[in-house]
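I wrote down what I looked up, in the order in which I looked.

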Number of protein chains: 2
Amino acid sequence: MDSTNLKMLAKELNLSISTVSKALRDSHEIGESTKKRVIALAKKLNYQPNPHASSLRKQKSKTIAIIIPEIANNFFSLAINGIESIAQEKDYHVLIYLTHEDYNKEVNIIKHLQGGRVGGVIMSLSSDTKKFDHLHELTAHNIPIVFFDRICHEIETAKVTTDDFQGGLAATEHLIINHCKNIGFASISDTLSIDNKRMQGYLEALNKHNIKPNKSSVVKCTNSDTNNYNKIKKILSGKNPPDAIFASIEKLAITIYEVCEELKIKIPEQLKVICFSNLSTAHLMKPSLSAIKQPAFEMGKEAASILFKHLDKNRTFIPNEHIILKSTLVARGSTLIK
Amino acid sequence: MDSTNLKMLAKELNLSISTVSKALRDSHEIGESTKKRVIALAKKLNYQPNPHASSLRKQKSKTIAIIIPEIANNFFSLAINGIESIAQEKDYHVLIYLTHEDYNKEVNIIKHLQGGRVGGVIMSLSSDTKKFDHLHELTAHNIPIVFFDRICHEIETAKVTTDDFQGGLAATEHLIINHCKNIGFASISDTLSIDNKRMQGYLEALNKHNIKPNKSSVVKCTNSDTNNYNKIKKILSGKNPPDAIFASIEKLAITIYEVCEELKIKIPEQLKVICFSNLSTAHLMKPSLSAIKQPAFEMGKEAASILFKHLDKNRTFIPNEHIILKSTLVARGSTLIK
DNA sequence: TTTATTTACGAAAACGTTGTAGTATTTTTT
DNA sequence: AAAAAATACTACAACGTTTTCGTAAATAAA
């Protein structure tokens, strides 16, 4: 790291370090001709200011952290894309942390960030996060958090989600309209707000159409794929199996497809499937997967915009605000009446 | 950012800053009882060292950058997963940058990193990168780069790929064995080494089986999906269309599926398709997609391990080394003889 | 007992920036 | 012509660490 610094530029130009620093930041205190000389040499020597020195001095870092449960998932990678697009534009840097749905990892990551490595955080909760002390602590250290999708109501800040209740309602009504009578719901978490909202939408749809919810049709899934596989298999091979399942997340729909393959259950004839999903190959699946598609990219953009807006103004407290973007139902083969 | 720092700890404990600093890093210069006192208070006050100060002083940052063309792609997100798993273990932080296959963005990102924000870089080239000055410059600034998948031969360093030639050979032979006579190749880039290698494997397979390569069967694709769509459509609707296509990357196979849907070409009956892919839903597609599957997660892990090994030893120069991991052919419906 | 050596700490100088508080000039105002 | 203000710079003190170099006191070796 023996790269050019202000000192070297100053010596070369016979100027003081302060003058060079100010010239590069286009201060009015510096004469035009000097500015030009400085900028020319800086360019020639490919000067890049040392970000650590700068962050230390200014006590802020033009860096944010994204904390998400996983990355091999279209929703989250699209959201990252959205965040990154704004970050690149605003000249911010993006650190990425994965919790792998593990509360302890989430806590560790957050603790680490208390040191001031980042100016702010954009995050989506791990599915087994039930306590929020670590998040309170972070905001107490003046590091703002903006939540997207898997938000935390306990923290006063900005939150970006889609209309999950509406989505759950629409998905379930779509199934009802397509003649399903015994509709199951596959959930991922008891605590996650989005999961609850989706389930409430589901229940509301049943209620609206005078279908009384069958308690055994709600499959509480976990982070273990094999576990989920077995649970779903049990339900689908039991007596009085559902004729449709609305899955809270894409991963569960995949598992449902796999179980159906093993059990030779035909989708959509015997079982209709719909889920929240951003799969790019949903339309090429067998059968093509009906989905509630979230504007993942826009959600990322929105969350990032809000965060940067506050960081740029040195506001470390972000008031409560709930941005709700619309998701859209894309009906495909998996819910088709045959 | 008014978090506890060494000064506060020192004052509280009636010790000097140096003593506290040394105690926290378990220096032999400090007595056991003092160490305990310091550590206890640090824990109580939730002390996190300021990473900027530390990086500035030590002239290294426990941070690396991942530079990749895109993220909404299973291969790259799995690779990130692999990198992150090692980073978390080694207590490194990971910055992420996307080039969106744009050479100019790649150059800008690299230039930015010259300031010393990161200790090293793990990257996969953009598909339109033909010049490598920016990369040479970065290594000249003592910031090592480890390449994975889309590697750059011009830079002397470690590179992690799969056996792309073998993969191309295997994929093509698989098609030949399945009675294909007129096999096309869909490429993404003239310059990308992996693409070339895969194509060479393809050509070698043809040669080995005495099939003379049909020049018009090599589709040179770009970064524009619609462009690719049209090119593929043209070939498939022209006269003497291929009876199989081997696509260099997954995205192109998706496009082929889409074109076939429009043209009502049946896969695999009329056209067999195989590609390099890490799609998690390949087995659920219609038809299920035959693929050369790369060990993306392991590639990321490997690249990260090599980089961290050097960084931990303060070696900024990484000697040439080419790690070649095995990819595996997974034959599925899209190449089945019917 | 005297001289080394070890132990346990502290003072101070970096690291590269940025921002405040000067200070000579020059220019403008009275 | 004197006073005020603007211009174009420089010196220096932070920011929070880490590390080198001291240095007393305690212990060991001579």
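**Entry 1: terms and numbering.** I was working with a predicted model, in which local features need pLDDT of at least 70, side-chain atom pairs count only at pLDDT 80 or more, and totals for chains, interfaces and linings use all residues. Residues are numbered from 1 along each chain as its sequence is written, and chains are lettered from A and ligands numbered from 1 in the order in which they are written.

**Entry 2: loops of chain B.** I looked up B:Asn142 and placed it in the loop between helix 7 (133-140) and strand 4 (145-148) of chain B. B:Asn142 is not a glycine, yet it has a positive phi of about 65°. For burial I used this rule: a residue is buried if 20 or more other C-beta atoms lie within 10 Å of its own, exposed if 12 or fewer, and partly exposed in between, with C-beta atoms placed from the backbone. B:Asn142 has 19 other C-beta atoms within 10 Å, so it is partly exposed.

I then went to B:Asp91, in the loop between helix 5 (74-90) and strand 2 (93-98) of chain B. Its phi is near 65°, a positive value in a residue other than glycine. Is B:Asp91 buried or exposed? B:Asp91 is exposed, because 9 other C-beta atoms lie within 10 Å.

I also noted a cis peptide bond from B:Ile267 to B:Pro268, with omega near 5°. B:Pro268 is in the loop between helix 11 (250-263) and strand 9 (272-276) of chain B.

**Entry 3: chain A.** I found twelve helices and twelve strands in the secondary structure of chain A. The radius of gyration of chain A is 25 Å, well over the 20 Å that the globule rule gives for 338 residues, so chain A is more spread out than a compact globule. The radius is taken over C-alpha atoms, and the globule rule is 2.2 Å times the number of residues to the power 0.38. The C-alpha trace of chain A spans about 85 × 40 × 35 Å along its principal axes. Of the 338 residues in chain A, 50% are buried.

I checked helix 3 (residues 32-44) of chain A, which has 13 residues. From its first C-alpha to its last, helix 3 reaches 18 Å, close to the 18 Å expected at 1.5 Å a residue; the expected span is 1.5 Å times one less than the number of residues. Just after helix 3 of chain A, A:Asn46 takes a positive phi of about 60°.

Chain A has a cis peptide bond joining A:Lys286 and A:Pro287, with omega about -5°. A:Pro287 lies in the loop between strand 9 (272-276) and strand 10 (290-293) of chain A.

**Entry 4: the two chains together.** I laid chain A on chain B by a turn of 180° and a shift of 0.0 Å along the axis, with an RMSD of 0.1 Å. The two copies are thus related as by a two-fold rotation axis. The superposition is by least squares on the C-alpha atoms of residues with pLDDT of at least 70 in both.

The same surface serves both copies, as 100% of the contact residues of chain A recur in chain B. Two residues are in contact if their C-beta atoms, placed from the backbone, lie within 7 Å. How many residues does the contact take from each chain? It takes 42 residues from chain A and 42 residues from chain B. Helix 5 of chain A gives the most to the side of chain A that touches chain B, with six residues.

**Entry 5: the DNA strands.** I took a residue as near a strand if its C-beta atom, placed from the backbone, lies within 6 Å of it. DNA strand C is surrounded by 23 residues, and among the closest are A:Leu6, A:Ala53 and B:Ser16. Helix 4 of chain A gives the most to the surface near DNA strand C, with five residues.

DNA strand D is surrounded by 24 residues, and among the closest are A:Ser16, B:Leu6 and B:Ala53. Helix 4 of chain B gives the most to the surface near DNA strand D, with five residues.

Terms used:
Helices (H or I, at least four residues) and strands (E, at least two) are DSSP runs, numbered from the N terminus.
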